[in-house]
Amino acid sequence: LAQEAGHRGPAAMAAATAAAGGDDGHAVKRQKLASGGPSWPTWGQGRAEAEASTAAGKLRVAAFLADGAGPTLEVDGLSGIVTGISFLDHMVDQLRAHAQLRVTLRTWLADRPFVPHANEAYDKGVDAELAGLVGTAIGGALLKIWAPEQNGCSKPKEALAKAVAAIKVGGTMPTRFCFSAPLDEALSEVTLDLPGADSQAPEADISLSPYGIYPAGGRQFIGSFRTSHTEIFFRSLALAFGCKMQLKKVRGDNAHHIVEATFKSFSRCLRRALDEYSGFRVAAEAMTPVRRRTACKERATKETSISVTLNLDPVSDSKSAAGISTGIATLDEMLAKFTASGVGIRATCKGDLWIDDHHSSEDVMITVGKVLAEALGDKGGINRMGFADAQSGNAKVRCVMDLSNRPSFCTDLGLEKCSEEMVDDLSVEMIAHCFESFVMNGLMTVHLLRITEEPLGTKDISAADLALAAAGALAGALRNCANYDPRLAGAAASSKGTIST
């Protein structure tokens, strides 16, 4: 891999970081990792510039990106992310938090560097040119990370195609990657195609507007950032990187969240592609946690008496659901999906089922959510975001999850369109309510998407199948999100620096 001979373990990376005089915010935490632990490949670094003549003078953008821990990157003696539009700074910073890249990006107008938090590009009327140049510089830097020598090619598309071919080692490697990042009520999906020799021309297929619903036609600005410049940025990046991408808004009422979810999805998608070609698997490389992430809780009211124990790191490989007995067989079957995904759950309930199923099903899922939140702790070092698909019968459901500490639940399962009133001993109206109770008390953001094509209410798809598919997708997404990524070294995967408050 580019500029990296072999894998470097955590101790070596910490030592190299200290020797280089920089910590990138994580050196101290990296030094806490045990020697001889998991190792991982890194992709080297890339630097690119782009410039344009404007009425206000020459506008120049320089991007310097690097994978792995190391010293602070500098461009002409400057560091940090300063584009001249503060909201765009925040978006570019998602590459650090979610693609796990070190990033320095600086901008000059008439040879004078922009200063942080000043929004000078908008004030000078060069923000449209700036959005394109920032995308071009980042795309060019990514291309040099991916194909540092450009393999003797003068065209980025050819360079990337040869890089893909060179990295393949037997078998067929995927060239298409997808990631969906949820942000409260907004959900964006990014698909990234890494072209082969016969690939189509680089392009970005973008479907994000309108940017919110306030006003009805969507927002034109977020701070000093024109929302339409999101598209200029990504089209310029795709052209410079030599890739093809699709950016799609699945849902979203809030413009800030729509754009942020898109940048996060792109960053995560890029990281997934880099990991795939380097052979890194987070689940396989996951560190043994310093503490077992377990919690238990008992909850007693006049309506129910409940006991729940949850273990995110079960020692045994057993996926038995023998410890689940809520008094509602359908709910037991839904909870069993978690044990099948490697999350240990024991849950018992004695409730007022002589009234109906409402109190027992709701209270069980409230308790499971609270126990999960306690077991997760400060969430440092975990993947945090992920998604999973599951199928039951003809029902296929995707769960997109963020262990964000910001509870939000969105669903388009469409259970209200089903003709059934009950799924055996659980009322259909309680299915979505159970999921929502779990999500809100587990302090997570979750989107449930029905991805089956069959119409609801037909004989080919039932509420029971939707419930079990959704439970399986939820459990699989939780397993992915809760896994530790050793490269984070205990740090939160967040541009805020924490997700525990």
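What share of the contacts in the protein chain with a separation of 6 or more comes from residues 24 or more positions apart? The figure is 78%, where contact means heavy atoms within 4.5 Å.

A word on ground rules. This is a predicted model, so local features need pLDDT of at least 70, side-chain atom pairs count only at pLDDT 80 or more, and totals for chains, interfaces and linings use all residues. Residues are numbered from 1 along each chain as its sequence is written, and side-chain values use heavy atoms, with hydrogens and water left out.

The secondary structure of the protein chain comes to 14 helices and 21 strands. Helices (H or I, at least four residues) and strands (E, at least two) are DSSP runs, numbered from the N terminus. Of the 501 residues, 57% count as buried. Buried means under 20% relative accessible area, exposed over 50%, and partly exposed in between (1.4 Å probe, protein chains only).

Take helix H14, residues 463-482.

One partner of H14 is helix H13 (residues 429-442), and the two pack at an angle of about 15° with their axes 10 Å apart. Axes here are lines fitted to C-alpha atoms, for helices over the stretch in contact, and angles run from 0 to 180 degrees between N-to-C directions. H13 and H14 are therefore roughly parallel to each other (angles under 35 degrees count as roughly parallel, over 145 as roughly antiparallel, 65 to 115 as roughly perpendicular and the rest as oblique). On the H13 side, Ile431, Phe435 and Phe438 make the contact, while H14 brings Ala463, Ala467, Ala470, Ala471, Leu474 and Leu478. An α-helix has 3.6 residues a turn, so residues three or four places apart point the same way.

Helix H11 (residues 329-340) has twelve residues and reaches 16 Å from its first C-alpha to its last, close to the 16 Å expected. Its buried residues are Thr330, Leu331, Asp332, Met334, Leu335, Phe338 and Thr339. After H11 comes Gly342, with a positive phi near 95°.

Now the cysteines. The structure holds zero disulfides, a disulfide being a pair of cysteine sulfur atoms within 2.5 Å. For Cys269, the closest cysteine sulfur is in Cys178, 6.2 Å away and so too far for a bond. Cys269 is buried at a relative accessible area of 0%, and Cys410 also counts as buried, at 14%.

On to the backbone. Most residues other than glycine have a negative phi, and most peptide bonds are trans. These spots go the other way:

| Site | Feature | Value |
|---|---|---|
| Ser209 and Pro210 | cis peptide bond | omega about 0° |
| Tyr214 and Pro215 | cis peptide bond | omega about 5° |
| Lys379 | positive phi | near 65° |
| Arg384 | positive phi | near 75° |

Pro210 lies in the loop between strand E8 (203-207) and strand E9 (221-222), and Pro215 lies in the loop between E8 and E9 as well. Lys379 sits in the loop between helix H12 (358-376) and strand E16 (385-392), and Arg384 is also placed between H12 and E16. Lys379 is buried, with a relative accessible area of 3%, and Arg384 is buried at 1%.

Technical notes:
Expected span 1.5 Å × (residues − 1).
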